[in-house]
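Reader: Could you take one part of this model and walk me through it closely? I'd like to hear what surrounds it and where its residues end up.

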Amino acid sequence: MTPRVLGLLVAAVGLALDQASKLYVLRVADLGETGPVAIAPFAEFRLVWNYGISYGLLRQEGDLGRWLLVVLSLAASVLIVVWLGRTERRLEALSLGLILGGAVGNAIDRSAYGAVVDFVHLFLPDRSLSWYVFNLADVWIVAGVAGLLYEMAFSGPTGATKSGSS
């Protein structure tokens, strides 16, 4: 399997899992009606509509902002696909696939619902510290960025030749 195919496969699987989890939260678990569901002393499923980007930054209430974020996500996705087409490294391709799947998943949410569906809430058991609410697309994006950083830090340049060889 070429790195490009690996990246596209990871993107497709990541996107499918993200969208399936969100459909489950909205249509089956119906968290909007039932309210939060505890899953561990430090975690719950809680429906939150995110009108911004990560951590609620750049919050957009109107349609103009919503569609600008959709266009930005899709433009970034196109650039990632171009990058993916040029990579020869498997970890880089896997990381780009994760970011692509996450970016498209959140863009679909903004297009369909006007906001991103977030539903995983982590906190300390005494609730003295609450982490933000996120979704699988966010997990894929963070894991993909971590993979790219690892790749940049610990692998050599591609196409480099050893001294004395051509």
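Author: Among the elements covering the buried residues of α3 are α1 (3-28) and α4; contact here means heavy atoms within 4.5 Å, and buried means under 20% relative accessible area, with exposed over 50% and partly exposed in between (1.4 Å probe, protein chains only). Bear in mind that this is a predicted model, where local features need pLDDT of at least 70, side-chain atom pairs count only at pLDDT 80 or more, and totals for chains, interfaces and linings use all residues. Residues are numbered from 1 along each chain as its sequence is written, and side-chain values use heavy atoms, leaving out hydrogens and water.

On to α3: with 24 residues, α3 reaches 35 Å from first C-alpha to last, close to the 34 Å expected at 1.5 Å a residue, that is, 1.5 Å times one less than its number of residues. Helices are DSSP runs of H or I, at least four residues, numbered from the N terminus. Its buried residues are Gly 65, Arg 66, Leu 69, Val 70, Ser 73, Ser 77, Ile 80 and Leu 84.

Ile 80 and Leu 84 also sit in the largest nonpolar core, which has 9 residues; such a core is a set of buried Ala, Val, Leu, Ile, Met, Phe, Trp, Tyr and Cys joined through side-chain atoms within 4.5 Å. Both α3 (63-86) and α4 (90-113) supply at least two of its residues, and α4 gives the largest share, 5 residues.
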